[in-house]
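Subject: Structure handover

Hi,

Here is the structure I promised to pass on. Please open it alongside this email.

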Amino acid sequence: DFLALVHPEDRAIAADAIKGSAEGVTGRAYEYRIIRPDGAVRWLYSESAPWQDADGTVIGWLAIFQDITELKAAQESVREKEAMLSRAQRVANVGCAVHDFRSGESQWSEQMFRITGFAVDAFIPNPDAFLALVYSDDRALVEKSLVNGHEGGPIPPLDYRIVRPDGAVRWLHREAEALRDADGTPVGRMSTFQDITELKTAQELLRGSQAVARVQAMAAKAAD
């Protein structure tokens, strides 16, 4: 009994595949695990089609099976690495964005959405929408750096402010580099963004305390 080989958690899937084949259902593909006699767990990919006689009566079914265990392991490894990267970005408060000059499409990491205050399923990243977030006093500086990058020029690090949808003003530190094709032509841009609002606040407080200290020192000297 083939079903006896199927992993208990996947048995309903395999049973549905067999039932569909018996009823002449085509075009379905299934993935499930089996437990071999030696105890090894393997992932299978299966497709089936009805076997018909000359009158078109279904008299059986034909199935193909492919062992996709290594593919599943590779997919799981990718998911784990993506999860680790996402955690690292969240801890460091660093987001990543990639913009394709050819298609005009942009891709953001999850942390990039958190930094800008957008929900992943409620915003489609694009350069114009992001530029609209930039604090008005900083926008010209950001626009200039984007033009330089699009033309293949250097993209220096940059600190600037954004205004999130909730009205919060945040400071970002951006690092970027051009993505080029085999001929060296710029075809995109990859950028990282770190929220440095707390750092900027601490620096401002430090400058303020230093200024107070200087004034106190000058007053003390004048009193002497």
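Below is what I found, from the overall layout down to two residues.

Please keep in mind that this is a predicted model.

Overall layout
The protein has 6 helices and 8 strands. Starting at the N terminus, their order is α-β-β-β-α-β-β-α-α-α-β-β-β-α. Of the 224 residues, 28% are buried. I also looked at contacts with a separation of 6 or more: 39% of them link residues 24 or more positions apart.

Surface
Which residues make a nonpolar surface patch? F2, L5, W61 and F65 do, and the patch covers about 350 Å². One of these, W61, sits in strand β3, which spans residues 58-67. Its relative accessibility is 36%, so W61 is classed as partly exposed. The cut-offs behind that: buried is under 20%, exposed is over 50%, and partly exposed lies in between.

T197
Now to helix α6, residues 197-223, where T197 is located. Is T197 buried or exposed? T197 counts as buried because its relative accessibility is 9%. Setting aside neighbours within four places in sequence, T197 contacts V169, R170 and W171. With R170 there is also a polar contact between the side chains, at 3.2 Å.

Best wishes

Technical notes: Residues numbered from 1 in each chain as written. Predicted model: local features only at pLDDT ≥ 70, side-chain atom pairs only at ≥ 80, totals over all residues. Heavy atoms only, no water. Helix = DSSP H or I, 4+ residues; strand = E, 2+ residues; numbered from the N terminus. Buried < 20%, exposed > 50% of the residue type's maximum accessible area, 1.4 Å probe, protein only. Contact = heavy atoms within 4.5 Å. Patch = residues over 30% accessible without salt bridge, like charges linked within 9 Å, V, L, I, M, F, W, Y side chains within 5 Å. Areas by Shrake-Rupley, 256 points an atom, 1.4 Å probe, with all protein chains shown as cover. Salt bridge = Lys/Arg side-chain N within 4 Å of Asp/Glu carboxyl O. Polar contact = N/O pair within 3.5 Å; in protein donor to acceptor, adjacent residues only side chain to side chain.
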